[in-house]
Amino acid sequence: MQITDALIDKLAALSKLQFPDEEREAIKADFERMLHFVDKLQEVDTSGVEPLIHVTEEVNHLRQDIPQGQLTTEETLHNAPDHDGQHFRVPKVVKK
């Protein structure tokens, strides 16, 4: 695969990035090194190697999600900087 200015422009558009003209040569070199690395990986003989689905054979042992101990409204609002007795009060962040 040949790395061209058109390819870099297409990748930049797809990724919503802008590359300054002075950085294009460095970007081309980086892409060429990446492609060379992938080509090197293609040379590795993987016949007889089972596909890796999971890194380990470990299984997550999750606990049951059982509700325990609830706070009262007063306990919940105890350290709130501002509240009206039942709800937290926060500064408005969305303007209409």
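Let me begin with methionine 34, which has its place in helix α2, where helices are DSSP runs of H or I of at least four residues, strands are runs of E of at least two, and both are numbered from the N terminus. What you see is a predicted model, in which local features need pLDDT of at least 70 and side-chain atom pairs count only at pLDDT 80 or more, while totals for chains, interfaces and linings use all residues. Residues are numbered from 1 along each chain as its sequence is written, and side-chain values use heavy atoms, with hydrogens and water left out.

Methionine 34 is partly exposed, at a relative accessible area of 47%; buried means under 20%, exposed means over 50%, and partly exposed lies in between, with a 1.4 Å probe and protein chains only. From its C-alpha atom to that of threonine 72, which is 38 residues away along the chain, the separation is 57 Å.

That brings me to the overall form. The chain has three helices and zero strands, and the order along the sequence is α-α-α. The radius of gyration is 28 Å, well over the 12 Å that the globule rule gives for 96 residues, so the chain is more spread out than a compact globule; that radius is taken over C-alpha atoms, and the rule is 2.2 Å times the number of residues to the power 0.38. Along the principal axes, the C-alpha atoms occupy a box of roughly 65 × 50 × 20 Å. As for burial, 9% of the 96 residues count as buried. The chain exposes about 9900 Å², 54% of which is supplied by carbon and sulfur atoms, the areas coming from the Shrake-Rupley method with a 1.4 Å probe and, for residues, with only the protein chains shown as cover. Among the contacts with a separation of 6 or more, 20% are between residues 24 or more positions apart, a contact meaning heavy atoms within 4.5 Å.

Now to helix α1, residues 5-15. Which residues of this helix are buried? They are Leu7, Ile8 and Ala12, and, seen down the helix axis, these fall within an arc of 135 degrees, so they line one face of α1; the arc is that of the directions from the axis to the C-beta atoms. In general, an α-helix has 3.6 residues a turn, so residues three or four places apart point the same way. On the face of α1 turned away from the buried side we find the exposed residues Ala6, Lys10 and Leu14. The cover over the buried residues of α1 includes α2. After α1 comes lysine 16, with a positive phi near 60 degrees.

Arginine 24 belongs to helix α2 and is buried, with a relative accessible area of 16%. Setting aside residues up to four places away in sequence, arginine 24 touches Asp5, Ile8, Asp9 and Phe19.

Aspartate 5 is partly exposed at 36% relative accessibility, whereas lysine 28 is buried at 15%. Another salt bridge brings together the side chains of aspartate 21 and arginine 24, at 3.5 Å from N to O; here aspartate 21 is exposed, at 62% relative accessibility. A further one pairs lysine 40 with glutamate 43, whose closest N and O atoms are 4.0 Å apart. Lysine 40 is partly exposed at 43%, and glutamate 43 is exposed at 61%. Through shared partners, salt bridges also connect Asp5, Glu25 and Lys28 in one network.

Finally, the surface. Which residues make the nonpolar surface patch of about 380 Å²? The patch is formed by Phe37, Val38, Leu41 and Val44, where patch members have over 30% relative accessible area and no salt bridge, with like charges joined within 9 Å and nonpolar side chains (Val, Leu, Ile, Met, Phe, Trp, Tyr) within 5 Å. Of these residues, valine 44 lies in the loop between α2 (24-42) and α3 (73-77).
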